[in-house]
Amino acid sequence: MSPDLIGLLLLSLVLLTSGGDAERVEVLSAGTQEVAAAGAVVVAGADVVVPAGEAVAGPVHVLDGSLVLDGAVEGDVLVLGGTLELTDDARVAGVVRHYGGEVLAAPQAAVRVEGLDVVAERGGPVQDLASTVVGAVLLGALGAIWARRRPGGVAVVGDALSHHPVVVLTVGALVAVTGISVLVFMAFTLVLLPVTVLGLLAGAVLVGLGAVGLGGLVGRRLPVGGPAATALGTVLVVVGLRLLGLVPVVGDLVALALLLAGLGAVLVTYLGLRSFSPVALPA
Amino acid sequence: MTLLQAVRERRWVPVLGAGAYVAALAAGYYYNLTFVQLGLVDLGTRLVGMERRDVSVLMAVLAVATLVVALATGVVLDRRGWGADLRIKLRVLLAVVVVQLGLTVAAPAVATPRGLLAWVLVCAVPLGCGIPVMFSLMGDLVPVADRGHVAAVVAGLAFFAAALFPMQWRVEEFSRMLAVGMAAALPVLAWAASGRSRLVDLLAAQDLGPGRFCRGASAGERADAGRGTFVVLVVLMFVVFFVDSLGFLRIVEAPVLMAASWQSTDVGVRVFIAVTHVVGAAMAGVLYTAFARRWLFLWIFGLFAFTHLLYTFALRGGGDGVPPLTLPLFYVLAVSFYTTLNFALWPDLSTARTIGLRTAVGVGVAGWLASFLSTALALWSADAGVPLEAHLRWVDALALLALVTVPVVLYARRVRLLAREGVPDEPGPHRPAAAVAGPADLRR
């Protein structure tokens, strides 16, 4: 499951549960399936068919994969990705809202489609630049605040990164893979959806702190000192990560490894509160 | 001296020793994973025509017989001091491989239940002898600081090969492939065991000292060093192996999950699993070397609990296509973690005087007995018609119980230690002196 799909899935689950539209949500993420007499349905990677003569209460969200509607949906259908195919016999009592993906409607399909052309347009270079600058400034400010309030903290994270890169990368990768999967799994329970959102926010903060840790390392080599060095270093790290993203595959992998190592360094140092040293082994 | 230092200083003896250990244990583990565990099921059900329930009984017989032989071998190694004698262990290993080669070649010819029982009983002898001998070689050949990494290489290689080869899980194919491999290794092993190898002499002269968890104890205490910890770890590893095999066999044989398992016909899925095994083992090696073992156990139990929840979830909501690769991803990570731990842990909990019995108990009880008992239980459950979802619910329950138990036990142990030490006499910053100045028995 890609990060984009995870985001869409969380958005979808929040929409379905916050409005009180659904007490039970079926998330279909893999395989080919026929769905009938279901409540709310989220198509997140599966190839789903609602057969002729069958009805789904809805709402139905299509995020990835495909939905072939040969029967009826009593509520609304929201298409954010994937493909929605409406046959001649298809009937949607509510509205089909098309914001992303593809909607293929047969002429006789009894549906009302409302769409917005807001998706699939990737931002231009100016937008990219603006988001990079905003991200760099925000993280730089975070770095400056952290370095001012707890000067040793950034240094401790930086030391873990520079002295034990393999260990912190391993911890970061493991926590990221497990953490994301556990959070998505929790989101499926609906009850724990707020915990998932909090968890993702906490994860984002930890990754941000990791980037500041990397920035602290870069800042050591700059001619300025104190919190300014951390802030400037962090800005350079954000710009560097963005530039790495321009290199296909390898650049993305290196950027990901750096972020994961930062995350691992923040974790093994208890948010920079304690320096990390591996267990002592006899040589 | 670590292996990296040895390479930098061009001292090749320790490097060759560790390399030989990796090759031998990876091959041995591959043999165990494929031929013994999976080949026996195929041999019993398809060639001999036995019921799965009867095959599960045979597996239990093999587990118990192997354990008995392993324990006896471990005791002999320790009592006679052979645990510290590299040359003797190589000779035993040579005998083990010769007998196993014969058994491997003979396996496809077994045609009756009685013949299979005899084959199983004979098979238990080299397997049982091989466990303490093979695992204790780490104490002779791998420096303490490198054991996590070396164990990771062994686990990665064995699982990589097992996930990719062979294409058909049939005993005839296993037999052909493994017989060729063993026959090729025999001359090298015979040369090493002959007593005329200068390299073996140099390796035998290395003094790598006691295991990582026995350091600090005086020479007299080393025989008992970490006995309590050893028992706890045997129990923990038993649970890990038991949970794994209990779920694994039913999962790989469930048509709905097979497409994302080792038995997938899609090479891409198997390559994914094989590579994840290598990455998982490498991660485990790094963590074993850098962190205290309690963290590793928490990760392992956490991963297993989450993995089995994922499988149960997929069974409830999945369709008839390929299940998401998240399922094998977590399964493989968990298996690679505990296998790496299993390779390094027992030698690190031993000294030269205790390595025979401790590796026999560690690998025999925690590994073999748990694996085969749970495999037998899984076969029985399939034969008794227990639905996969109900079966996995039990596996879920066990995995979650283990996950909760570990931190609770660790915490309780800490509390007990603090209780023994007593409450500090100095009042804390928010505590009046009277609050801590209770009767002595209350502070114990």
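A:Val27 stands opposite A:Val42 in strand β3 of chain A. This is a predicted model, in which local features need pLDDT of at least 70, side-chain atom pairs count only at pLDDT 80 or more, and totals for chains, interfaces and linings use all residues. Residues are numbered from 1 along each chain as its sequence is written, chains are lettered from A and ligands numbered from 1 in the order in which they are written, and side-chain values use heavy atoms, with hydrogens and water left out.

**Strands of chain A**

- Helices (H or I, at least four residues) and strands (E, at least two) are DSSP runs, numbered from the N terminus.
- Strand β1 (residues 25–28) of chain A pairs with β3(A) in the parallel sense over four bridges; two strands pair if DSSP finds at least two bridges between them.
- Strand β2 (residues 32–34) of chain A runs parallel to β3(A), joined by three bridges, and A:Glu34 stands opposite A:Val49 in β3(A).
- Eight bridges pair β3(A) with strand β5 (residues 60–69) of chain A, also in the parallel sense; A:Val48 has A:Leu67 in β5(A) as its bridge partner.
- Of the 11 residues of β3(A) (residues 40–50), eight are buried, so the strand is largely enclosed by the rest of the structure.
- Buried means under 20% relative accessible area, exposed over 50%, and partly exposed in between (1.4 Å probe, protein chains only).

**Where the chains meet**

- In chain B, 31 residues are in contact (heavy atoms within 4.5 Å) with 26 residues of chain A.
- The buried area, meaning the accessible area (1.4 Å probe) that two parts lose on being put together, summed over both, is about 2300 Å² between chain B and chain A, and carbon and sulfur atoms give 80% of it.
- Between chain B and chain A, the count of salt bridges is zero.

**Salt bridges**

- B:Asp348 and B:Arg147 form a salt bridge, with their closest N and O atoms 3.0 Å apart.
- B:Asp348 lies in helix α13 of chain B and B:Arg147 in helix α6 (residues 147–164) of chain B, so the pair ties together parts that are 201 residues apart in sequence.
- Both B:Asp348 and B:Arg147 are buried.
- B:Arg87 and B:Asp201 meet through their side chains in a salt bridge (3.0 Å, N to O).

Notes. A salt bridge is a side-chain nitrogen of Lys or Arg within 4 Å of a carboxyl oxygen of Asp or Glu.
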